[in-house]
Amino acid sequence: MQPTRPGRPDPRAQAQQAQLAASLAGAVDLAAVKARSEAAARAQAAPPSSAAGPAGAPGAAVVDVTEETFQAEVLDRSFQVPVVLDLWAEWCGPCKQLSPVLERLAAEGGGSWVLAKVDVDANPALAQGLRVQGIPAVKAVWQGQLVAEFTGAIPEEQARQFVTELVRATTGDAIPGSGDGDGDGAAAEAEDPRLDVAEAALERGDLTAAEAAYQAILDAEPDHPVAGLALRQVQLFRRADEAGPDALAAADAAPDDVAAQTRAADFLLGTGDVEGAFDRLLDVVRRTAGDDRDQARRHLVELFGVVGDQDPRVAAARRQLTLALY
């Protein structure tokens, strides 16, 4: 959900790293930047043992992952390159169509991303923690957070587009041989000292200072490629922190209170429950009319902007919103 500056751990991903590293399903802690930093340090100090060499070396592009090796092979490694999870099972026919495609693309990728294969039957806790609803399921992890996913077998062209866009969006680089740009603009963006000020505020948990820093960037440069989305996300984290877990009980007790439902949705999104946040507001849109419906719709669209249109969950929720409205 967070915008990413290539080449370094992203302080804006504070919440979801704790969720993913702890149990893949727990509550988000805005102080989780410490856990994320520790994972990044492990990744720099000791690359996962199963890799045959550095990120581009033969044999490093595809790894089998278990519950015991998930931390090292997926979370820690995702601070070096994006990791694509292929969740499969021996009995799954579509998995046998998709997995060889992903393996071939990973080999062609030259170490620009890693394919981590997870047998869901042998690793049920991982499947549950990752909220796998069906297989084949593909989920992308970058700097300790889930950033994109899809379910079901797709043609090779679409799979290639998925990983190409993933690498470009996360690292600012092109997959070797893909013919994409060289990422110089993203590298220059990574050196913007104004972003360093905002990220330093996030690292010490000062959301107010981070919000002010991003706003100052936008005041000077309204079209800044990172600050706008980062500001919306910091504002979301602040609202989620202010709402707290009590927001859920309050919303459940007052289903017709649209303001209570929006606070609950903010809290859910702030804790990484994207589908839960969207579903809550979609339900309000379906049940209400007039100003209440419009308020819920506007807030839902605002949350779409926080997550980002590249996330498939946004596209799915947009379709549901259209059906609910028309």
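A residue is called buried at under 20% relative accessible area, exposed at over 50%, and partly exposed in between (1.4 Å probe, protein chains only). By this criterion, 51% of the 326 residues of the protein chain count as buried. The model is a predicted one: local features need pLDDT of at least 70, side-chain atom pairs count only at pLDDT 80 or more, and totals for chains, interfaces and linings use all residues. Residues are numbered from 1 along each chain as its sequence is written, and side-chain values use heavy atoms, with hydrogens and water left out.

The secondary structure of the protein chain comprises 15 helices and five strands. Both are DSSP runs numbered from the N terminus: helices are H or I with at least four residues, strands are E with at least two. Contact means heavy atoms within 4.5 Å. Among contacts between residues at least 6 apart in sequence, 66% link residues at least 24 apart.

The five strands build an open sheet of mixed pairing, ordered β1-β3-β2-β4-β5. Two strands are taken as paired if DSSP finds at least two bridges between them. The edges are held by β1 (62-64) and β5 (145-151); each has a single partner strand, so one side of each lacks a neighbour in the sheet. From one strand to the next, the twist averages 25°. Strands β2 (residues 83-88) and β3 (residues 114-119) are parallel and share six bridges. Within this pair, Asp86 has Lys117 of β3 as its bridge partner. Helix α6 (residues 156-171) packs on the sheet and touches β2, β4 (137-142) and β5. The direction of α6 makes about 15° with that of β4. Axes here are lines fitted to C-alpha atoms, for helices over the stretch in contact; angles run from 0 to 180 degrees between N-to-C directions.

Strand β4 is mostly covered, with six of its six residues buried. In a regular strand the side chains alternate between the two faces of the sheet. In β4, Ala137, Lys139 and Val141 point one way. Val138, Ala140 and Trp142 point the other way. On one flank, β4 runs antiparallel to β2, joined by five bridges. Leu85 has Lys139 of β4 as its bridge partner. β4 also pairs with β5 in the antiparallel sense, over six bridges. Here Val141 stands opposite Leu146 of β5. The two strands form a hairpin with two residues between them. Gln143 is not a glycine. At a relative accessible area of 1%, Gln143 is buried.

The loop between α5 (124-129) and β4 holds Pro136. A cis peptide bond connects Ile135 to Pro136, with omega about 0°. Arg131 is found in the loop between α5 and β4 as well. Its phi is positive, near 55°, in a residue other than glycine. Arg131 is partly exposed, at 37% relative accessibility.

Beyond β5, Ile154 occupies the loop between β5 and α6. Leaving aside neighbours within four places in sequence, Ile154 is in contact with Leu98 and Ala159. Ile154 and Pro94 are separated by 60 residues in sequence and by 9.1 Å in space, C-alpha to C-alpha.

The structure holds one disulfide, a disulfide being a pair of cysteine sulfur atoms within 2.5 Å. The bond joins Cys92 to Cys95, with an S to S distance of 2.3 Å. The torsion about the S-S bond of Cys92 and Cys95 is about 85°, so the disulfide is right-handed. Both Cys92 and Cys95 are buried.

Helix α8 (residues 193-203) has a buried side made up of Leu195, Ala198, Glu199, Ala201 and Leu202. These residues cover an arc of only 155° around the axis, which puts them on the same side of α8. The arc is that of the directions from the helix axis to the C-beta atoms. The face turned away from the buried side carries the exposed residues Pro193 and Val197. After α8 comes Gly205, with a positive phi near 80°.

Gln233 belongs to helix α10 (residues 227-243). At 2% relative accessibility, Gln233 counts as buried. Its side chain reaches the backbone oxygen of Val306 at 2.8 Å.

Note on methods: Polar contact = N/O pair within 3.5 Å; in protein donor to acceptor, adjacent residues only side chain to side chain.
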